[in-house]
Amino acid sequence: MQSQQIQQLFVRYKILALLIAVAIIWVFFHIKTDAAFVTPGNLSNLFRQMAITGMLACGMVFVIIAGEIDLSIGSQLGLLGGVVAILTVNQGWGTWPAIGAVLVLGLLIGALNGYIVTKLRVPSFIVGLGGMLAFRGIVLYITGSSTIAPAPDNLITIGQGFVPPGVSVWIGGLIFLAMVALTARRRVRRGKLGLTQAALWIDILKMVAIGAFIFGFVRMLNDANGIPIPVMILLGLLAVFTYVSTQTVFGRHIYAVGGNMEATRLSGVNVARVKLVVFAIMGLMCAFAGIITVARTGSGSPSAGTGGELDAISACFIGGTSMRGGSGTVYGALIGALVMASLDNGMQLMDVDNSWQMIIKGVILVLAVWVDVLSGSNRNG
Amino acid sequence: MSEYLFEMRQIVKEFSGVRALNGIDLAVRPGECVGLCGENGAGKSTLMKVLSGVYPYGTWEGEILFDGKPLRAHSVRDSEDAGIVIIHQELMLVPQLSVAENIFLGNEIRKYGGVMDYDAMYAKAEALLTRLKLKDVNVAAPVMNYGGGYQQLFEIAKALAKNARLLILDEPSSSLTSSETDTLLSIIEDLKHEGVACVYISHKLEEVARVCDTVTVIRDGKHIVTKPMSEMTTHSIITAMVGRDIENLFPKVDHDIGEVIFEAKHVTCWDVANPNRKRVDDISFEVRRGEILGIAGLVGAGRTELVSAIFGAYPGRYEAELVLEGKPIKIRSPEQAIKAGLSLVPEDRKRQGIVPLLGVGDNITLATLSHYAHAGQIDRQAELQVVEAEIKRLRVKTASPELAIMGLSGGNQQKAVLTKMLLPGPKVLILDEPTRGVDVGSKYDIYKLMFELAGKGVAIIMVSSEMPEVLGVSDRVLVVGEGKLRGDFKNAGLTQEQVLAAAISHAAEGPAHAA
């Protein structure tokens with residue numbers, strides 16, 4: 001059964017199917033734009049565009065795995081970005097104290113959402129809907145509905161700057177070595193415990209693929225000044241979130257709460273606290289995304305982040321996060337974000353009308369989840 | 001033409017090789033009420049699902065005759081069209097819809113197009129309710145404005161609206177007060193005079209004795225006896241229901257019973273939906289070190305509510321005073337309960353026990369994950385060592401500890417849940433239906449483990465609906481009925497009849513005690 005084997009392969013390595021999808025999208029746009037898509041300059045741009053959605057998706061994937069949703073993150077992003085702009089431009093704060101304050105504020109806003117969901121037991125969908133309006137209202141109020149500019153130079157550097165090419169090469173090399181070391185350690189450990197191992201050739205193939213990917217990635221971006229700083233931050237967040245989700249007690253509890261909240265509660269896990277922390281992290285990610293948004297555009301716009309929640313949620317679902325909670329991965333969500341960003345970027349290059357952009361993105365989202373359902377990987381319970 | 005309105009002949013139903021029903025006969029004459037009795041798990045619900053078309057024709061063997069003609073129902077709709085209506089234990093009304101809308105749900109009276117003819121529906125609903133002697137009902141008001149007794153009668157009205165000729169009532173009085181039950185029984189009498197036939201399924205034998213003309217007893221999926229009620233007594237029904245010796249399924253090991261380790265005093269739970277109704281009414285008991293305390297009773301008697309209140313997991317309002325090792329303890333959440341030294345293996349494995357998508361190992365360590373972690377980071381090696389040891393000790397059959405637990409059989413899932421709740425090292429272990437849906441081999445392993453734990457001085461509280469299990473495992477048996485403590489027996493020469501009699505006995509008789 002050849003076709004069944006291929007299907008099995010895709011169910012097991014969903015990520016492979018996603019990467020193939022990304023490749024198809026890229027080839028399509030590359031041809032359609034007369035080879036203007038896969039160029040160092042454009043890809044650098046694309047990854048920078050993706051960084052903001054990616055940060056939101058990092059937080060959102062935890063929220064969805066825990067069986068909740070947060071619709072207010074676009075407005076949270078706008079509010080937190082607005083605050084950082086006001087603090088630096090109008091209040092004369094230094095860039096770093098302002099960033100610190102906004103990160104704390106984001107954490108608090110997220111915790112407030114979490115408190116309302118877990119302690120006051122208002123469904124998260126409603127809390128998000130309310131927050132979407134209320135937070136946007138606050139931004140409009142504090143900014144007086146006008147754009148706040150110009151952001152200080154060192155803030156702008158965070159959004160528009162690059163990691164120098166030389167350093168980029170070193171970082172790429174370190175990431176590769178770390179991946180190899182982690183895989184080797186995993187193999188040794190699993191061998192010791194007598195657990196089933198992936199075949200050696202698969203792991204080697206994986207390493208070669210990852211190495212080639214990192215090399216290509218760094219090389220490509222170095223041709224356009226190096227890795228953009230927001231992309232570097234996103235890579236850091238990817239590492240931290242993957243670590244938390246796979247290696248920590250808290251991470252395991254997120255999956256358990258989303259998989260079966262009642263069983264988890266009866267196992268003595270404080271499910272309310274888990275969810276509250278997940279929402280707080282979501283707020284923190286909104287702060288990151290808000291700061292980067294201001295830094296990239298050089299100004300605090302009261303409409304920043306509008307619709308950001310939809311991109312982040314779409315990214316999670318395209319990346320294979322289960323609608324019902326209990327399963328999903330951070331890297332999957334980031335590849336989902338890459339799909340969304342590629343579509344945006346490609347269609348802008350092709351000069352597709354905005355209305356068509358929205359239609360196509362909407363259709364692709366539904367299509368992607370439909371394929372996921374077809375592959376049977378979401379069939380459970 | 002036979003004298004019967006309805007006949008089931010030699011019904012056999014298998015579930016993956018296990019015979020749930022093995023040649024059941026059931027016959028009802030027009031205007032007759034037949035009582036169907038059997039222990040929990042005897043096959044009553046399966047039989048009802050066969051006859052109401054939930055299990056379509058062809059998935060079971062045997063023959064069903066209705067009006068002398070073979071009935072081959074492929075769905076509930078088919079059997080309802082023939083005139084068979086089943087009223088389930090849990091009422092199937094939509095609380096927000098009006099009484100009339102519920103009565104005609106799926107059966108609406110229409111004008112042109114899809115427009116509901118409310119006038120006709122209200123008039124007909126009122127006529128139906130008058131037939132049931134309900135006069136003070138506003139048929140346009142939502143069902144949730146009325147209590148459980150009324151709702152039960154609305155269900156009957158709904159059945160009559162479908163021109164039911166055979167009414168099947170499954171534990172109809174389980175959520176009714178005694179005066180509401182009285183009303184219900186007299187209405188069934190009236191319906192019998194009008195020629196409606198009934199099958200009355202109930203554990204409450206006084207009700208069966210009052211309203212039924214004939215009694216059929218089934219046990220372990222087999223037909224035991226069918227006799228006119230006049231030739232039966234409550235006692236002979238109980239004997240027929242139990243009817244067997246306990247096979248030597250229980251690897252009973254002598255163990256020492258020590259001092260009182262845990263006391264629960266004045267446990268009272270209120271119903272979540274109906275705050276005036278007590279599900280558990282002032283129950284107090286104690287359990288000793290190394291003692292296995294069985295809690296018997298009928299389904300819905302309040303046993304699960306009792307133990308979940310003790311564990312801090314009851315969803316509604318409750319009160320309980322708990323004393324562990326002489327010191328009063330305060331428990332308001334499972335987290336606190338586990339920290340105090342209590343563990344609970346819940347009744348519903350799928351809903352409350354397992355996290356289906358997580359691996360077997362991840363499930364096993366869920367309650368104790370922080371034991372294998374430093375600064376929040378899981379030491380996978382330490383975790384896996386514990387998991388492997390536990391899987392071996394309890395003989396959990398799984399290809400790998402990383403396999404999602406939902407792929408395991410019920411017995412192996414149960415063992416995993418059990419070991420999850422044993423890892424915190426409880427002083428008091430509460431097991432709610434520990435062997436439900438578990439194969440015989442796993443059952444044996446679970447009993448063996450229980451005796452082993454008791455030998456180590458763990459106090460075990462076991463809620464079970466399987467009478468042989470209660471008698472085969474427990475040192476002492478509490479009987480709970482309708483939320484009250486009905487008996488406290490030492491398990492020495494205790495018989496199933498005694499326990500069942502205490503569980504079924506009317507409240508007026510007061511709790512039975514045997515030293």
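Biologist: How many residues of domain 1 of chain B are in contact with residues of domain 2 of chain B?

Modeller: Eleven residues of domain 1 of chain B touch twelve residues of domain 2 of chain B; two residues are in contact if their C-beta atoms, placed from the backbone, lie within 7 Å. This is a predicted model, in which local features need pLDDT of at least 70 and side-chain atom pairs count only at pLDDT 80 or more, while totals for chains, interfaces and linings use all residues. Residues are numbered from 1 along each chain as its sequence is written, and chains are lettered from A and ligands numbered from 1 in the order in which they are written.

Biologist: What makes domain 1 and domain 2 of chain B?

Modeller: The bounds come from an automatic or database domain assignment. For chain B, domain 1 covers 6-242 and domain 2 covers 260-352 + 426-514. Their C-alpha centres lie 32 Å apart.

Biologist: Which elements give two or more residues to the side of domain 1 of chain B that touches domain 2 of chain B?

Modeller: They are α7 (205-211) and α8 (234-242) of chain B, and α8(B) gives the most, with three residues. Helices (H or I, at least four residues) and strands (E, at least two) are DSSP runs, numbered from the N terminus.

Biologist: What classes of residue make up the side of domain 1 of chain B that touches domain 2 of chain B?

Modeller: Three are nonpolar, five polar and three charged. Here Ala, Val, Leu, Ile, Met, Phe, Trp, Tyr, Cys and Pro count as nonpolar, Asp, Glu, Lys and Arg as charged, and the others, Gly among them, as polar.

Biologist: Why are α3(A) and α13(A) called roughly antiparallel?

Modeller: The axes of α3 (residues 40-65) and α13 (residues 271-297) of chain A come within 8 Å and cross at roughly 175°. Axes are lines fitted to C-alpha atoms, for helices over the stretch in contact, and angles run from 0 to 180 degrees between N-to-C directions. Angles under 35 degrees count as roughly parallel, over 145 as roughly antiparallel, 65 to 115 as roughly perpendicular and the rest as oblique. The two helices are therefore roughly antiparallel to each other. By class, their contact has 17 nonpolar, two polar and no charged residues; among them are Ile52(A) and Met55(A) of α3(A) and Phe279(A) and Met282(A) of α13(A).

Biologist: What makes β6 and β10 of chain B edge strands?

Modeller: Six strands of chain B form an open sheet with mixed pairing, in the order β6-β7-β8-β3-β9-β10. Two strands pair if DSSP finds at least two bridges between them. β6 (84-87) and β10 (222-228) of chain B each have a single partner strand, so one side of each is left without a neighbour in the sheet.

Biologist: How many residues of chain B and of chain A are in contact?

Modeller: 29 residues of chain B touch 25 residues of chain A. The side of chain B that touches chain A has 17 nonpolar, seven polar and five charged residues.
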